[in-house]
Amino acid sequence: MSEGRSELEELRAALEASEQRAAAAEADLARARAVVSTSEAMIAGLKLEIALLKRDKYGRSAERSAKLFDQLELQLEELVADAAEDRVQAERKTTKVGSFERRKPVKKAFPEHLPRERVMVEAPSTCSCCGSDRIVKMGEDITETLEVVPRQWKVIQTVREKFTCRACEKITQPPAPFHPIPRGWAGPSLLAMIVFEKYGQHQPLNRQAERYAREGVDLSLSTLADQVRAVAELLKPLNALIEAHVFTAARLHGDDTTVPLLARGGTKTARLWTYVRNDRPFDGTAPPAVVFRFSRDRAGEHPMEHLAGWQGILQADAYAGYNHLYDATRKPGPVASALCWSHARRKFFELADVETNIRKGKSPKDVSPIAVEAVKRIDALFEIERMVNGQSPEARLEMRQRQSAPLVAALEQWLRGERALLSKHAKVAKAIDYLLSSTHWPGFTRFLEDGRVCLSNNAAERSLRGVALGRKSWLFAGSERGGQRAAAIYTLIGTAKLNDIDPQAWLADVIARISDTPVSRLHELLPWNWQKQAPQSAEAA
């Protein structure tokens with residue numbers, strides 16, 4: 001009997017030990033899954049950060065759309081959620097096995113500038129063990145939770161007291177304070193928010209009005225539109241200063257994009273033009289800035305008008321409307337053309353992108369080997385450009401003459417040889433003709449003659465990115481004057497962003513101060529000079 005009992009106890013002990021080993025193995029597996037999930041989320045986050053840094057430094061590649069970044073961000077969100085779920089599962093299944101001790105994750109502290117609100121949990125008045133009331137505080141544990149307070153609206157009442165003199169019965173009163181907009185009712189910060197949300201955050205006025213109404217403030221669409229008009233009119237002097245700064249540059253980036261314009265019976269395709277001054281690639285010290293212009297169509301007369309009196313190097317695509325600028329008889333002189341290698345590369349890349357062709361149901365045989373080779377050769381030029389980015393024009397030109405010029409000569413010779421063997425109807429032949437055209441090739445090789453020229457026109461394309469996002473929200477410009485107001489506001493917001501200035505804070509401060517600023521000191525309000533006023537403007541914004 002005792003032997004059977006001892007065997008049963010041994011079996012129970014063995015079963016218990018087996019269950020403990022199984023639980024420990026399951027806990028180890030859960031911890032391993034948590035480590036893998038966290039690592040995958042970290043890798044995805046680093047990939048997204050690298051992609052964004054490359055885009056900021058080198059410009060967005062022609063074949064890369066915003067969908068790539070959206071996909072990376074979505075993947076990162078999902079991986080982070082999976083990692084958090086696996087960590088919770090690991091914590092639930094963790095058992096005490098040997099001397100293993102799980103290391104607690106370190107949470108990033110909340111910013112110090114945020115206000116703290118202490119919520120005290122009521123402490124017991126007696127000991128929970130013996131019931132004695134002789135208890136003394138020995139410390140406290142604080143758990144911080146981030147919370148948000150809904151936006152708070154307020155009405156500022158400006159009171160001007162009246163006084164009368166008992167001796168002469170004269171009534172005196174302080175003068176009315178300045179208001180940014182005549183007979184205006186909105187403060188500078190509210191005006192800046194309305195304008196920035198429309199053009200900087202792509203929120204049309206009707207959506208803003210709906211959101212404000214939900215917050216208890218009814219502002220009609222026409223009322224908001226009138227404020228946008230008034231702000232654009234108020235800031236015209238700053239627009240003029242930015243334009244003067246941009247059009248004194250020796251080199252400009254130029255481009256345009258479509259903007260639907262409301263017309264009778266529907267919409268018509270208008271244009272928003274951009275001209276960017278950015279001397280940083282060749283170590284220039286002039287502040288970067290951008291000018292936008294609006295037109296009802298894409299006729300060549302518009303860039304002629306925008307750049308009237310300007311002479312220098314224009315980096316743009318091969319749009320025929322620019323050809324009048326390159327005319328030798330032009331006054332004050334012809335503009336030098338510098339074409340974009342990203343545009344030329346894009347035409348080859350579309351024929352060399354195996355993955356996209358397969359996704360579209362095309363056979364891998366449709367991929368052109370000539371296009372693949374052309375992309376590789378052009379990429380070699382961009383690699384050299386990355387090494388000279390930010391150097392002086394002389395250093396850039398010296399390296400280009402030494403390294404890029406032989407590659408360009410070899411590329412031209414190879415493309416001409418391949419083109420002679422192709423039919424004029426071949427798709428890759430059209431890409432070659434675009435690059436080697438007698439009117440285009442001098443523009444593509446301009447960078448070998450002047451160290452200030454960039455290899456691509458990405459600076460202009462980046463400036464138009466916000467417009468492309470915005471037109472999906474506000475759908476169309478309501479009138480030609482509305483398009484011109486949009487161009488003026490885009491000029492202000494785009495220039496602030498190029499100088500790493502918060503556009504909304506800058507607009508709020510400028511709106512509050514511009515009418516009291518003498519004309520001779522208006523330049524102090526420009527984004528690249530505004531940093532000196534940052535401590536004062538932070539309160540205003």
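Predicted model: local features only at pLDDT ≥ 70, side-chain atom pairs only at ≥ 80, totals over all residues.
User: What share of the chain counts as buried?

Analyst: Of its 541 residues, 38% count as buried. The accessible surface comes to about 33200 Å², and 53% of that belongs to carbon and sulfur atoms.

User: Why is F110 called partly exposed?

Analyst: The relative accessible area of F110 is 21%. Buried means under 20% and exposed means over 50%, so with 21% F110 falls in between and is called partly exposed. You'll find F110 in the loop between α2 (66-93) and β1 (163-164).

User: Which residues does F110 touch, leaving out those up to four places away in sequence?

Analyst: Those are R116, E144, T145 and L146. Take T145: F110 and T145 are 35 residues apart in sequence, and their C-alpha atoms are 8.9 Å apart in space.

User: How do you know that the count of disulfides is zero?

Analyst: The rule wants two cysteine sulfur atoms within 2.5 Å, and by this rule the count comes to zero. Look at C127: its nearest cysteine sulfur belongs to C130 and is 3.9 Å away, so C127 is in no disulfide under the 2.5 Å cut-off. For C340, the nearest cysteine sulfur is that of C454, 9.9 Å away, and C340 is in no disulfide either.

User: How do you know that the length of α5 agrees with what a helix should span?

Analyst: Helix α5 covers residues 221-234, which is 14 residues. The expected span is 1.5 Å times one less than the number of residues. That should give 20 Å, and the end C-alpha atoms are 20 Å apart, so the two agree.

User: Which residues of α5 are buried, and what covers them?

Analyst: The buried ones are L224, Q227, V228, A230, V231, A232 and L234. Their cover includes α3, α4 (205-214), α6 (236-246), α16 (480-498) and α17 (503-513).

User: What makes α8 mostly covered?

Analyst: Nine of the twelve residues in α8 are buried. They are W341, S342, H343, A344, R345, F348, F349, L351 and A352. Helix α8 (residues 341-352) also reaches 16 Å from its first C-alpha to its last, close to the 16 Å expected.

User: What about strand β5, and how is it joined to β4?

Analyst: Strand β5 (residues 289-295) is mostly covered, with six of its seven residues buried. Seven bridges join β5 to β4 (residues 266-277), and the two run antiparallel. One of the bridge pairs is R277 with A289, the latter in β5.

User: Which residues touch the most other members of the largest nonpolar core?

Analyst: L235, L238, L314 and W506 do, in a core of 70 residues. Helix α3 (residues 188-199) gives the most to this core, with eight residues. Apart from it lies another core of 33 residues, including F349, A405, L436 and W441.

User: What does W506 touch, not counting residues up to four places away in sequence?

Analyst: W506 touches L238, L492, A496, I501, L525, L526, P527 and W530. As a rule, in soluble globular proteins nonpolar side chains tend to be buried together.

Key: Residues numbered from 1 in each chain as written. Heavy atoms only, no water. Core = buried A, V, L, I, M, F, W, Y, C linked by side-chain atoms within 4.5 Å. Buried < 20%, exposed > 50% of the residue type's maximum accessible area, 1.4 Å probe, protein only. Helix = DSSP H or I, 4+ residues; strand = E, 2+ residues; numbered from the N terminus. Contact = heavy atoms within 4.5 Å. Areas by Shrake-Rupley, 256 points an atom, 1.4 Å probe, with all protein chains shown as cover. Pairing = 2+ DSSP bridges.
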